[in-house]
Structures are given as structure tokens and as C-alpha cells.
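Reader: I would like to learn how to read a model of this kind with some care. Could we go through it one feature at a time?

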Amino acid sequence: MNGTCMDRIEILSVELLDKHRSLVEELKQLANRLGLEFGWHYLLDLTWIISWLGDFAGKNILDGGAGSGILQWYLAHKGATVYSVDRESRANLPWRFRRWVKVQGLRPSDLNPPMSAVVNALRSSGAITMRLRSAYQVLQGPWRSISPENEKSPGIVWIYNQDLQQLVDIADNSVDAVVALSALEHNPPSKLPIVVAELMRALKPGGILLATLGAARDQDWFHKPSRGWCYSEATLRNAFDLAKETPSNYGRYDELFEALRNCAELKENLAKFYFRSGDNGMPWGVWDPKYQSVGVVKIKE
Ligand SMILES: C[S@@+](CC[C@H](N)C(=O)[O-])C[C@H]1O[C@@H](n2cnc3c(N)ncnc32)[C@H](O)[C@@H]1O
């Protein structure tokens, strides 16, 4: 297969933060507003993906392994139609996201109406009482018709709870771009090519796939705290079916990792959840990155 001149493998440099300063600040503010905390390298991943996307207003974008992550809300707020795919159910998606942009289920089972989502969330947390339940019965009708504040937001997020290996409801050649932020690494090296092939099937010819994953210096390894794989350059080349001339900066692995370890901004902005346990990527909030992020760009021919 011939590669295109845009395809590449790029370990993410911390220089991205200063290079895209206004975007970084905008993302921090949006996260604050939505009550979202970032994984320790997400600012890099987000900045890299969004800066590669260029002008995406009015485009159809598939966010693979979206969870309730900020990327989909950002893209839809700026005018994209986002297909938000994840194997974890978001049926009870909190109201704060629905206020920000229009959100719908691709199928009825993908997203519960706002009030039943609230009740289900309370029920599963054990907080619901008989009184709340009867209040819900009363509120069901009128509240369902309340329009979200976001009616002016031009985009929409379609929630689709599905495994990326088989996107049965997404037609061939139907999306302008595919993004996957720190998601594909939750698939073992043997499964990664299947996921990538399915994402490429959905992409229109000429469309761009932008994925960030964990990078491994020499050999694939599994990072237990984040339950994610770190992949070697060879594994990525194979999984994304990249031509041998596709450029890569894996040769700068050590130098880029050193700069990451010394990155004061990421260190000082560690999310609060890291400080609450010793069983995460930064136990008890001590800055000590064990891997770095790598971005893959692939254009569909
Ligand atoms: C670390 S989270 C990142 C979520 C989101 N991209 C963000 O920026 O916050 C990874 C997500 O990818 C999803 N994921 C990984 N592999 C998947 C697959 N094969 N099918 C569907 N979802 C997948 C997981 O369920 C999880 O929600």
C-alpha cells in the first residue's frame, strides 16, 4: 500500500503546549466548566488532535472510545456532528454535558432521557428514596420538554454504545474524520489492527484518522495502573498499515521522554484523583511518567 505524505507516527512533544497556548487555555477552562479532570497527558493529546483536525465545523467526526471525555463536547460545541462510540454505556450521561451541547442516542437504548438518567444514577448510588421516586413521576412529563441551554450550539453528539471492533450502525465511507484519544491502547496488540481497520472502513476517502496511544520504546508492554498497552513503532506500523516510508520520531524517544519528565506545566496540573490513591498512573500524585503518548495520522486513500 502507498502511504500519503501526511501519514506519520509522532511521539507528542511537550512543546505542543506553548505552540498552541490559546487552545490549551481554552481546554483547561472548558474542563473546569464541565467538571472534568484530565489524565496526566491529555492536554498534549487534545492539543495534538485538535490542531491536526483544522477546520472541522460542519464535519462528521467519529470519536472512538470517547467515554465522557472533553474532546467530543469541544468538537460539537464548535459545530461538528460527533459519533461518540464507546463499549461502556453512557445511557445515564449526566445533565451537565447535555446542557453544553445537543446529545442524542443513536439508538433509544444508547441514551436515557435526562430525568430517568438522573433517577438511575441516584438509584445505583443507593441515594434514591420513595419521595424522590414519586417526585420523579411528577416531573417526568414537563421536565422532559425543557430545552437545553445549548440550543444555539451548532453541533451534536450522537451517543453510540458499541465495541470499536464492529461498528454495525456506521456505514462505510461515512465520516470525515476519526479521532481516538488515549482509547485504542485498551486493546491488545493482536486486536489493534481489527479496531483500526473498522475505523478506516467508516472513514471517507481523503478523511483523516488521528489516534493517540501509549508509546513503548522497544517492545509492547502493558501498563497495569491505566490498563493500557504501550506499543512499539513496529506494532503501530503494522496495526495502522503504514507504508515503510511513513515518518516517525521514535528515534527521539529518550530525548522527548526527558523533556516530558521535566515538564512543570503537566506536573503542576495533575488531576486531583491522582492524589487520592496509590493505584493509578501517578500514585499519590507523585509526578513520575512511565510512558509517553504517541499520535498516529493516517489519511484514507
Ligand atoms: C482512557 S478512556 C479515554 C476516554 C476519552 N477518549 C477521553 O478523552 O476521556 C478509554 C476509553 O476507550 C474505550 N475503549 C477502548 N477500546 C474500546 C473498544 N474496542 N470499543 C469501544 N470502546 C473502547 C474504553 O471503554 C474507555 O471508555
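Author: Let us begin with burial: a residue is called buried if 20 or more other C-beta atoms lie within 10 Å of its own, and exposed if 12 or fewer do. In this predicted model, 37% of the 301 residues of the chain count as buried, and the chain has 11 helices and 10 strands.

Reader: How far does the predictor's confidence reach, and where does pLDDT stay under 50?

Author: Where pLDDT is low, the predicted coordinates should not be read in detail. The mean pLDDT of this chain is 91, with 88% of its residues at 70 or more, whereas over residues 134-148 the value stays under 50, and the model has 10 contacts beyond four places in sequence for that stretch.

Reader: Which residues of helix 8 are buried, and how are they arranged around the helix axis?

Author: An α-helix has 3.6 residues a turn, so residues three or four places apart point the same way. In helix 8, which spans residues 192-202, the buried residues are L192, V195, V196, L199 and A202. Seen down the axis of helix 8, these fall within an arc of 120°, so they line one face of the helix. Among the elements that cover them are strand 2 (60-64), strand 6 (175-181), strand 7 (203-215) and helix 9 (233-239).

Reader: What about helix 4: is it enclosed or exposed?

Author: Seven of the eight residues of helix 4 (residues 70-77) are buried, so this helix is largely enclosed by the rest of the structure. The buried ones are I70, L71, Q72, W73, Y74, L75 and A76, and after the helix comes G79, which has a positive phi near 110°.

Reader: Which residues of the largest nonpolar core touch the most other members?

Author: That core has 81 residues, and those touching the most other members are L46, I61, L62, L71, V178, V179 and L199. L46, leaving aside neighbours within four places in sequence, is in contact with L27, I70, L71 and L181.

Reader: Why does D172 count as exposed?

Author: D172 has 9 C-beta neighbours inside 10 Å, and therefore counts as exposed. D172 sits in the loop between strand 5 (156-161) and strand 6, and its C-alpha is 5.3 Å from that of R201, although the two are 29 residues apart in sequence.

Reader: Finally, which residues come nearest to the ligand?

Author: Of the 17 residues around the ligand, G65, G67, G69, R87 and A183 come nearest, and the shell divides into six nonpolar, seven polar and four charged residues.

Notes
Residues are numbered from 1 along each chain as its sequence is written. This is a predicted model: local features need pLDDT of at least 70, side-chain atom pairs count only at pLDDT 80 or more; totals for chains, interfaces and linings use all residues. A residue is near a molecule or strand if its C-beta atom, placed from the backbone, lies within 6 Å of it. Ala, Val, Leu, Ile, Met, Phe, Trp, Tyr, Cys and Pro count as nonpolar, Asp, Glu, Lys and Arg as charged, and the others, Gly among them, as polar. Helices (H or I, at least four residues) and strands (E, at least two) are DSSP runs, numbered from the N terminus. The arc is that of the directions from the helix axis to the C-beta atoms. Two residues are in contact if their C-beta atoms, placed from the backbone, lie within 7 Å. A nonpolar core is a set of buried Ala, Val, Leu, Ile, Met, Phe, Trp, Tyr and Cys residues joined through C-beta atoms within 7 Å. pLDDT is the predictor's confidence in each residue, from 0 to 100.
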